[in-house]
Amino acid sequence: MIVSAIRRAWLLPSIDWIEFIRFTCPNHEVKLQRMKINRVSVWQLDLPLHKPYWLSGGRLKFELLDSTLVRIDTDAGVSGWGEGCPWGVTYLPAFGKGIRAGFEELAPLLIGKDPRQLDAINRIMDLALPGHPYVKSAIDIACWDIAGKSSGLPICELLGAREPDPVPIASSVSTGSPREMLDEVQRFRDLGYRVHSCKVGADVSMDIERINLLAANERDGEIMFYDANRAWLPREAITVLNSVSGLTSWFEQPCETLDEIAQVRRRTRYPICVDEGLHSMDDLIRIQHDGIAELVNIKINRVGGLTKARRLRDFCLATGITMLIMDTGGSVVSDTGVAHFAQTIPASSCLGVWSCQEMVSVDPAPGQGARNVDGCFSAPDLPGLGVEPELALLGNPVATY
Ligand code: MG
């Protein structure tokens with residue numbers, strides 16, 4: 001009788017399943033307790049860089065990041081935090097005001113939903129607003145924070161379990177003269193860094209000089225990789241990669257498009273990493289299927305959050321693609337989401353993360369979250385994200401839903 005009742009009830013469009021099971025199975029203890037989002041609060045936070053930063057061969061300059069922090073509250077009294085922060089307005093097709101506009105569209109749809117149902121939350125967002133991964137990422141991370149707090153587990157445990165080793169932090173060495181870049185590498189060495197992302201691109205002769213000097217000064221146990229951030233034409237990338245020898249690392253995003261990188265891949269022998277060209281599973285499938293790159297840089301904001309990054313991670317693990325895990329910018333809130341995610345990946349498949357917090361002069365959660373310890377990040381051993389921004393440092397929300 002119960003089975004036939006369930007079959008009939010399944011046809012009803014809006015049945016409350018928990019109430020239905022309670023009614024049909026009065027002696028069965030239903031342990032799932034509903035939790036509903038009842039408020040979404042949004043803050044804007046300026047993150048000035050300690051000093052101007054150039055990348056893509058010096059054609060792009062950055063001095064200030066426009067970050068958006070979100071706190072999602074629930075009727076169970078559990079709250080979660082997330083952050084969306086593009087690297088300025090010229091790096092990728094995203095900007096801070098766009099994230100906050102995205103909340104106007106998505107936040108009202110979240111009210112009443114269970115934040116722990118991450119796939120369902122993402123489907124709701126994707127149906128209502130195609131694209132716009134940066135706003136979805138902030139929401140997704142806040143929901144993971146709630147899922148962790150409500151289960152008493154750090155996010156890394158929910159994402160698959162914490163790997164034992166901390167994850168090396170890659171420096172971000174601004175484009176400059178060869179000597180200036182080597183001095184900057186030394187500054188990061190003094191902070192404990194052993195992985196260095198050296199920004200090249202645009203000037204072929206100078207790039208060869210930069211790479212040769214940096215490689216000649218690489219120390220045992222260090223990794224220096226060379227990131228053009230899309231700046232080279234295929235002709236330029238092929239010339240540079242075939243003019244330097246003896247490197248044991250890789251080149252990152254040499255050209256603008258996957259088609260161009262595929263050309264470079266066919267005519268050179270160093271491993272290549274795709275960063276700015278990876279936005280979706282479609283991109284990753286093409287990178288793997290066409291043999292375009294051996295590494296990818298998964299930036300959590302750019303791919304739409306931890307839920308979608310998890311799918312990319314699993315594809316990479318299944319197909320032997322090595323990963324770097326980063327965000328596009330942000331405070332310790334973003335960095336800590338990165339730390340949780342990166343620490344679920346075996347060390348041989350995750351070569352580094354990035355710590356944006358060390359490049360900005362504002363910290364909304366002093367002393368909390370993932371911090372540089374001997375050049376590495378570890379995810380906090382607290383339920384959820386493990387970071388609670390101080391409201392006194394954020395001021396008033398710019399929007400509440
Ligand atoms: Mg990069």
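Let us start at the magnesium ion, whose protein donors are Asp227 (OD), Glu252 (OE) and Asp275 (OD), lying 2.1 to 2.2 Å from the ion. Donors here are N, O and S atoms within 2.8 Å of the metal (3.2 Å for Na, K and Ca), and since water is not among the atoms, sites may look incomplete. Before going on, please note that this is a predicted model, in which local features need pLDDT of at least 70 and side-chain atom pairs count only at pLDDT 80 or more, while totals for chains, interfaces and linings use all residues. Residues are numbered from 1 along each chain as its sequence is written, and side-chain values use heavy atoms, with hydrogens and water left out.

Along the sequence, the donor residues of the magnesium ion follow the spacing D-x24-E-x22-D. Aspartate 227 belongs to strand β6 (residues 223–227) and glutamate 252 to strand β7 (residues 251–252), so this pair ties together parts that are 25 residues apart in sequence. The word buried means under 20% relative accessible area, exposed means over 50%, and partly exposed lies in between (1.4 Å probe, protein chains only).

Now step along to glutamine 253, in the loop between β7 and α10 (258–267). Glutamine 253 counts as buried, at 0% relative accessibility. Glutamine 253 and valine 274 are 21 residues apart in sequence, and their C-alpha atoms are 4.9 Å apart in space.

On a 1 Å grid over the protein atoms alone, a cavity is a set of points where a 1.4 Å probe fits but cannot get out, and lining residues have an atom within 4 Å of a point. Grid points are joined across faces, edges and corners, and a volume is the space filled by probe spheres set on the points. The count comes to two cavities of 30 Å³ or more.

The largest cavity has a volume of about 170 Å³. Its lining holds 20 residues, of which Tyr91, Ser172, Lys199, Lys299 and Trp354 lie nearest the centre of the cavity. Which strand gives the most to this lining? With three residues, β4 gives the most to the lining of the largest cavity. At least two lining residues come from each of β1 (37–55), β4 (167–173), β5 (195–199) and β9 (295–299). Domain 2 (35–153) and domain 3 (158–388) both give residues to the lining of the largest cavity, so this cavity lies between them; the domain bounds come from an automatic or database domain assignment.

The second largest cavity holds about 30 Å³ of space. Among the residues that line the second largest cavity are Ser172, Phe188, Trp354 and Met359. Here too β4 gives the most to the lining, with three residues.

Helix α5 (residues 133–151) has 19 residues and reaches 26 Å from its first C-alpha to its last, close to the 27 Å expected at 1.5 Å a residue. The expected span of a helix is 1.5 Å times one less than its number of residues. Of the 19 residues of α5, 15 are buried. In the loop between α4 (118–128) and α5 you will find histidine 132, which has a positive phi of about 55 degrees although it is not a glycine. Most residues other than glycine have a negative phi. Histidine 132 counts as partly exposed, at 45% relative accessibility. After α5 comes glycine 152, with a positive phi near 75 degrees.

Another positive phi in a residue other than glycine belongs to arginine 230, near 80 degrees. Arginine 230 sits in the loop between β6 and α9 (234–241), and is buried with a relative accessible area of 12%.

Glycine 320 follows α13 and has a positive phi, near 80 degrees. In helix α14 (residues 332–342), 11 of the 11 residues are buried, so α14 is largely enclosed by the rest of the structure.

Notes:
Helix = DSSP H or I, 4+ residues; strand = E, 2+ residues; numbered from the N terminus. 1 Å grid on protein atoms, 1.4 Å probe; cavity = no way out; pocket = protein on both sides within 12 Å on 5 of 7 lines; lining within 4 Å.
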